[in-house]
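Trainee: I'd like to go through this one contact by contact. Where do we start?

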Amino acid sequence: MTDYTSFDVAHLGNVELLTPTFEESLWFFRDLLAMRVVAETGVTAGAGGSGDGGGNSRSAYLRTWDEYQLYTIKLTESADAGVGRTSFRTTSQAALERRVAAIEATGLGLGWVDGEVGTGPGYAFRDPDGHDMVIYYETERYVATDDKPALKNQASAFPGRGVNARRLDHINYLAKDVVANGEFVGQALGGRESERIALDQGGYAAWWFHFNNKSYDIVYSDDWLKHGNRLHHVAFAPDTREDILKAADIFLENGIHIESGPHKHAINQTFFLYVWEPGGNRIEFANAGARLLLDPDSPVVEWTQEERKKGQAWGMKTIETFHTHGTPNVSPG
């Protein structure tokens, strides 16, 4: 049976994205995705931006329209694209303390840090691949002002423009060692595996984990370049498949590189579209439809390499850049 502490993490909280083209990336998220800027910090970093989220870099905090917390992503000016700090919210203060103890037991804890905009104190750590993370419980709920919704059971008014990204869905990291990172998520965060791709020679090509009823919150994919500490993609969820089809037209009209889709994944059955935002980070728009993992003891679904050669659900083959593009961009060694 699933241990109750496997529900200590509520969900992926928010993600810091690094970009070398701050204004263009801000336009992408604010204007094309219809996200709202709720705070800005720092000063323009220029070509030598540190990308550490510190005072030398400009950051904008943006929220999707039905985000209950104050913000969804922190966009930070940097010399390179990539992922900064990823945050996870726990289900209670006691759950936070249990997860901190579990993280410390791995030897990868960094210590307590002050909260970001709208969040309380958190415990910082890194996964085995070096990705920067923090876990927290206290949070500030968004209070709508000029975007007050007609219905009181949503966080703000439906924007009715652009992609209308409703919420943050999941994050996919590139990793030198998928197995080590997946085992860390299970041990340190209590993540439950949903699906995985087994390699013929052993190990996994990719591993999907979830914290509650969604089929996945965090994914590790094999970094073919073995660089480590890179981002594969961040995913946002609009309401319907039709929204994703419309998003493809919006990106086409605005000169955004469409990498793959719209189509349907075989793994976890997500309807998807992949694009590269102006800074170079891969962004997915994902809609899983009615598929939820309500069974707390749901068995993991394992795919073989031979099965994955069949491509996506409707037969489209996975494109080459899906296995090679990540941020920061690196050259083959």
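**Bridges, sheet and rings**

Trainee: How far apart are the closest N and O atoms of Glu302 and Arg196?

Mentor: Bear in mind that this is a predicted model: local features need pLDDT of at least 70, side-chain atom pairs count only at pLDDT 80 or more, and totals for chains, interfaces and linings use all residues. Residues are numbered from 1 along each chain as its sequence is written, and side-chain values use heavy atoms, leaving out hydrogens and water. Glu302 and Arg196 form a salt bridge, meaning a side-chain nitrogen of Lys or Arg within 4 Å of a carboxyl oxygen of Asp or Glu. Their closest N and O atoms are apart by 2.6 Å.

Trainee: How many residues apart are Glu302 and Arg196?

Mentor: Glu302 sits in strand β17 (residues 301-304) and Arg196 in strand β10 (residues 192-198). Helices (H or I, at least four residues) and strands (E, at least two) are DSSP runs, numbered from the N terminus. The pair links distant parts of the chain, and the separation in residues is 106.

Trainee: How many salt bridges does the whole structure hold?

Mentor: One of them joins Arg85 and Asp132, at 3.2 Å. Arg85 lies in strand β5 (residues 82-90) and Asp132 in strand β8 (residues 132-136), so this bridge ties together parts 47 residues apart in sequence. Arg85 is partly exposed at 23%, whereas Asp132 is buried at 17%. Searching the whole structure gives a total of 21.

Trainee: Which strands stand at the edges of the nine-strand sheet?

Mentor: This open sheet has mixed pairing and runs β14-β15-β16-β13-β9-β12-β11-β10-β17; two strands pair if DSSP finds at least two bridges between them. An edge strand has a single partner, so one side of it is left without a neighbour in the sheet. The two edges are β14 (257-264) and β17.

Trainee: What angle does helix α3 make with β11?

Mentor: Axes are lines fitted to C-alpha atoms, for helices over the stretch in contact, and angles run from 0 to 180 degrees between N-to-C directions. Helix α3 (residues 178-189) packs on the sheet, touching β9 (167-175), β11 and β12, where contact means heavy atoms within 4.5 Å. Against the direction of β11, the helix makes about 15°.

Trainee: And helix α4, what angle with β15?

Mentor: Helix α4 (residues 241-253) also packs on the sheet, touching β14, β15 (271-276) and β16 (282-287). Its direction makes an angle with that of β15 of about 20°.

Trainee: What is the angle between the ring planes of Trp65 and Phe158?

Mentor: The structure holds 15 aromatic pairs. Rings of Phe, Tyr and Trp (its six-membered ring) pair if their centres lie within 6.5 Å; planes under 30 degrees apart are stacked, over 60 edge-to-face, the rest tilted. Trp65 and Phe158 are edge-to-face at 5.3 Å centre to centre, with a plane angle of 85°.

Technical notes: Buried < 20%, exposed > 50% of the residue type's maximum accessible area, 1.4 Å probe, protein only.
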